[in-house]
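Please open the model in your viewer and keep the selection tool at hand. The stops below say what to select next and what is to be found there.

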Amino acid sequence: MPTHQVNSATESGSRNGNLVAVVTILDVAREAGVSKSTVSRVLDERLPRSNSPTAERVRRVAAELGYVRNPLASGLRRTGTSTVGVVVPRLTDTVMAMLYEEIATAATGRGLFALVATTGDDPETEHVAVAALLQRRVDGLILTTARIDRDNDPTRFPVPYALALRTDGVSSASIGDDHLGGYLATRHLIDLGHRRIALVSGPAYASSAQRRRKGYEQALAESRIGLDESMITGDSFSMESGQVAGRILLDRPDRPTAIFAVNDNTAIGTMAAAHALGLRVPEDLAVVGYNDIPIVSRLPVPLTTVRVPFQQIATGAIGLLIDRDAASPPRTLVATPTVIPRSSTKAPR
């Protein structure tokens with residue numbers, strides 16, 4: 001079953017546990033003696049400001065009543081909850097926890113709640129999670145669970161939605177430039193002098209993993225390093241998967257001198273496999289990860305990794321949801337990653 005959690009920082013609708021009555025446009029209109037459309041027009045910040053006596057009276061009444069305009073009203077179907085549902089695979093994954101916190105912060109900055117549900121990266125559980133959020137009358141959805149291994153209907157949800165971190169190829173999404181990140185990680189190893197560079201990949205359904213692999217392949221091709229499919233393994237984002245993949249690669253008689261792992265968890269697992277085999281990082285094996293989660297800079301051998309701008313991705317996702325134009329085609333916002341060199345990489349011996 002999905003896990004549900006309300007970010008307490010967004011709970012501006014209550015005080016000391018007591019619910020505060022929400023002031024509506026109808027309340028303002030009734031008190032000011034004007035129509036709802038007049039109130040909506042006067043308080044719409046996208047329109048030129050009117051200084052007519054009627055407009056001044058509407059603004060004064062709205063202030064006296066404590067009216068707060070629903071920031072979703074222009075972009076989403078208004079249900080009155082000012083709540084965004086956020087769907088993530090799991091909060092035990094540091095990457096997803098970091099991204100959710102950034103989404104919650106961005107939502108708070110726009111006057112919204114952020115309600116999270118987890119899926120275990122399982123499509124059937126995702127249906128249950130989304131249904132649970134819709135029952136709570138969310139105004140929109142942000143999903144980090146997009147898959148490229150199935151047909152994706154952009155009208156499959158009854159409320160507006162945007163994707164974050166991953167894309168399905170058809171929906172509006174705020175993502176990192178995973179192709180560039182994979183290229184930069186591999187290029188870093190090539191520039192150090194490595195030629196036998198293996199890849200610990202991720203799940204085939206995740207656009208992030210597959211685009212990082214494409215970046216790896218491009219960097220090899222540009223340097224005229226032949227692609228050896230047997231040097232590519234891994235099918236998950238977990239430490240356990242990284243350790244298994246690392247053991248497979250490092251048990252080879254012609255083992256690689258460097259490994260690029262498509263996320264930090266699998267990179268940590270790979271380093272554990274190297275340690276178990278008596279190999280030293282970076283003297284015997286250079287390792288690069290991806291995401292720059294906080295722990296990797298504090299490892300006994302700090303991990304070289306690709307930093308993802310989670311704040312930018314989160315802000316972009318909220319913007320896609322709130323500032324959307326239903327008549328416009330889906331958009332993809334792409335944030336630029338950066339290689340962070342640390343002690344886990346050096347030139348081969």
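Begin by selecting the open sheet of four strands, whose order is 10-9-11-12 and whose pairing is parallel; two strands count as paired if DSSP finds at least two bridges between them. Its edges are strand 10 (232-233) and strand 12 (286-288), each of which pairs on one side only. Helices (H or I, at least four residues) and strands (E, at least two) are DSSP runs, numbered from the N terminus. This is a predicted model, in which local features need pLDDT of at least 70 and side-chain atom pairs count only at pLDDT 80 or more, while totals for chains, interfaces and linings use all residues. Residues are numbered from 1 along each chain as its sequence is written, and side-chain values use heavy atoms, with hydrogens and water left out.

Within the sheet, select strand 9 (residues 197-200) together with strand 11 (residues 258-261), which pair in the parallel sense over four bridges. Look along strand 11 for Phe260, the bridge partner of Leu199.

Helix 6 (residues 178-191) lies across strand 9, strand 11 and strand 12, and runs at about 170 degrees to strand 11. Helix 7 (residues 207-222) lies across strand 9, strand 10 and strand 11, at about 170 degrees to strand 9. Axes here are lines fitted to C-alpha atoms, for helices over the stretch in contact, and angles run from 0 to 180 degrees between N-to-C directions; contact means heavy atoms within 4.5 Å.

Phi of Arg224 is near 60 degrees, a positive value in a residue other than glycine. Is Arg224 buried or exposed? With a relative accessible area of 79%, Arg224 is exposed (buried means under 20% relative accessible area, exposed over 50%, partly exposed in between, with a 1.4 Å probe and protein chains only).

Next, select Ile268, which sits in helix 9 (residues 264-276) and counts as buried at 15% relative accessibility. Leaving aside residues up to four places away in sequence, Ile268 touches Met239, Ile295, Val296 and Leu299. The C-alpha atoms of Ile268 and Leu299 are 9.0 Å apart, although 31 residues separate the two along the chain.

Follow the chain into the loop between helix 9 and strand 12, where Pro282 is found; a cis peptide bond joins Val281 and Pro282, with omega at about 10 degrees. Then select Asp292, in the loop between strand 12 and strand 13 (305-307), whose phi is near 65 degrees, again a positive value in a residue other than glycine. Asp292 counts as buried, at 12% relative accessibility.

For the last stop, select helix 4 (residues 94-109) and helix 10 (residues 310-322), which pack at an angle of about 50 degrees with their axes 8 Å apart. That angle makes helix 4 oblique to helix 10; angles under 35 degrees count as roughly parallel, over 145 as roughly antiparallel, 65 to 115 as roughly perpendicular and the rest as oblique. Which residues make the contact? Among them are Val95, Met98 and Leu99 of helix 4 and Phe310, Gln311 and Ile313 of helix 10.
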